[in-house]
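Please keep the sequence and the picture side by side as you read.

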Amino acid sequence: MAKTLFDKIWDRHVVRELPDGTSLIYIDRHLVHEVTSPQAFEGLRLTGRKVRHPELTFSTMDHNVPTDDTRLTIKDPISKAQVEALETNCKENGIHLYGIGDDHQGIVHVIGPEMGITVPGLTLVCGDSHTSTHGAFGTLAFGIGTSEVEHVLATQTLRQKKPKTFKVEFTGKLSPHVHSKDMVLKLIGMIGTAGGTGSVFEFCGEAVEALSMEARMTICNMSIEGGAKAGLIAPDQTTFDYILAEDRPFVPKGEALEKAMETWRKLPSDPDAKFDRTLTIDASKIAPQVSWGTSPGMVIDVDAPVPGLEEVPGYSAGDVQKALDYMGLEAGQKLTETPLDIVFIGSCTNSRIEDLRRAAAVLDGKKKAEHLRLMVVPGSQQVRKQAEAEGLDKVFLAAGAEWRWAGCSMCLAMNPDKLAPQERCASTSNRNFEGRQGAGGRTHLVSPEMAAAAAVAGHFVDIRTWKEGN
Amino acid sequence: MEAITTHRGIVAPLDRANVDTDQIIPKQFLKSIARTGFGPSAFFDWRYVLTGEPNPEFELNKPRYADRSILVTRNNFGCGSSREHAVWALAQDGYKVIIAPYRGEGDDFIPGFADIFKNNCSKNGVVTIELSEAQVETIFQAVYDEEGLEATVDLENQQLTLHGEAEVTFDFEYDASVKNKLLKGLDDIEESLLFVEDIEAFEKTHATWINQ
């Protein structure tokens, strides 16, 4: 029978079908960070269980870490205790740790691919919903809760019910200055934040095939914002070039690599494979997207007005009103005329080298608007190093930006980087929930190029037609 | 995990859709390395005003809901972050059951709860009941109409009964494996370790494609 990419990965990992309709699925990689793991390790201690495969378990610190020059010494005693707990847990269990001060520390979803921990055809989990990022490699990657983190540590498996498959095809070519961030925001605007619940997306079509690995990671990253368990993109030459191009220590070598490649090449969905649901989007018609509300499904084209109460499909008038009130906006208002206080370029969605290059290309030779603050936070210490080798840091600093160290930073404000109440932020991150970037803060989600242009103009601009001074 | 078969309690309303786990438990409480102590922080930003006093505007703060243990809410509850702390907070704040509406049918069916949240509930003995939007609307109206309205959840028979002026009973669907686990209070890891020989056999031939 014809199989989808998802089916092929799933079938390869079934340890045993269980009588209750679930399957015991083998997990090839387990990524761990400081926030969602301490209770899982404590559970192991209390039951006297051991980590079954420390060599398949990788750990870093990202949510809590300061990203300014104080990064090596966490002042908040509770954050510090959490980071120290991870150090102890990794040491006791023989788990790889890229801790604070390590050359390879960074956001867990940035360092996985960077180190070659992520390759095609795997099952990969992490106690973090943006684990879907790794699906860009054609690997089944999804977020789990702490109880499941403990389950994976103890058994290297998970009990799972087979999800549905949802094919999202982007036909045609993207317009200049429109990026994968706009594709995924557009999708979520169309299907809502629960549209993919119970499913695994497979992103395909001409516009997806044309994307770089980094751009693919941005799309898969936000699968969870569409409610899906995971997002997948079939591995192709772009994937293999990424994996093999640089020194990625955990990618198999020699004969092992050749054997793996044989399987990887067979992973793409068979031409006549059936999906539970299919959606086609014309990529050539996608405009730069900006979120206006408090849910990632509340998005508009940059040149469209903020919608009225009855104009948002999938949201009740009451929910729209609450969102408008929280965001300090009125129906009909233009986001291109609404002043911003902060621009944040970073997060597991958009903090990779290509994202920084795009932002730098816009900022080159320009200055940020005087009234606002511009933060650029690379996703990993390696991204930071690479950006500095290319001189991007100088472009950012000359534009008046803060050039930071790696971490989750203002995406979730669990560290010192946060919005003050009512501050309005253009953010390249993934969630515009109430209070996400700091209690009372107002988040607008955009691509790195849109964020950089907004930093110069002081408000959003239509990047397709914008010239400084307009 | 404690077994749960039936539960009777007061129902409280949260009339919002797409309640995300950032709202259920904000990030500042995620720094804890303990598994307890989250209850008072559930819905923190809505529940308290900036000075730390309870917010009288927040509907769950009304005295009539002080002893509630069943929450009725709108679609896509628990979306966003995978943080299990959200479920710990609700459970430790006294919620045993959460009711939310599904939408559509067939391929267009959208469940009432976000995947990871629902899964996390199942690991902590919190029952998640999905009913149609019309049925959930009936419950909201009954809760608003009658102070102290109680409901009984019978998980074994998959029935929810509202003890209003007239008793109303709804049947609900429940995943068989999750139901069995909740009824018996089973520990997942212990269950899976029964298959350790299968795992060992699988590992002998399965390539994990890692350079050690």
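In the largest nonpolar core, which has 203 residues, the members that touch the most other members are Val343(A), Val376(A), Ala451(A), Ala453(A), Ala454(A) and Ile99(B). Please bear in mind throughout that this is a predicted model.

- If neighbours within four places in sequence are set aside, Val343(A) is in contact with Leu372(A), Leu374(A), Ala426(A), Ala451(A), Ala454(A) and Ala455(A).
- As general background, nonpolar side chains in soluble globular proteins tend to be buried together.

**Paired strands in chain A**

- Strand β15 (residues 342-345) of chain A pairs with β18(A) in the parallel sense, and three bridges join them; within this pairing, Phe344(A) has Ser427(A) of β18(A) as its bridge partner.
- Strand β18(A) is also joined to strand β19 (residues 442-445) of chain A, with which it runs parallel, by four bridges, and here the bridge partner of Ser427(A) is Leu445(A) in β19(A).
- Strand β18 of chain A, made up of residues 424-427, is covered on both faces, with Arg424(A) and Ala426(A) buried on one side and Cys425(A) and Ser427(A) buried on the other.
- In a regular strand, side chains alternate between the two faces of the sheet.

**Where chain A touches chain B**

- The contact between the chains draws 64 residues from chain A and 48 residues from chain B.
- On the side of chain A that touches chain B, at least two residues each come from β1 (14-17), β2 (23-26), α2 (38-47), α3 (77-93), α5 (146-155) and β8 (157-160) of chain A.
- Helix α5(A) gives the most to this side of chain A, with six residues.
- By type, the residues on the side of chain A that touches chain B comprise 24 nonpolar, 25 polar and 15 charged.

**Chain B as a whole**

- Chain B contains eight helices and seven strands, and its C-alpha atoms fill a box of roughly 60 × 45 × 35 Å along the principal axes.
- Of the 212 residues in chain B, 43% count as buried.
- When contacts in chain B between residues at least 6 apart in sequence are considered, 73% of them join residues at least 24 apart.

Terms used: Residues numbered from 1 in each chain as written. Chains lettered and ligands numbered in written order. Predicted model: local features only at pLDDT ≥ 70, side-chain atom pairs only at ≥ 80, totals over all residues. Contact = placed C-beta atoms within 7 Å. Nonpolar A, V, L, I, M, F, W, Y, C, P; charged D, E, K, R; others polar. Core = buried A, V, L, I, M, F, W, Y, C linked by C-beta atoms within 7 Å. Buried ≥ 20, exposed ≤ 12 C-beta atoms within 10 Å, placed from the backbone. Pairing = 2+ DSSP bridges.
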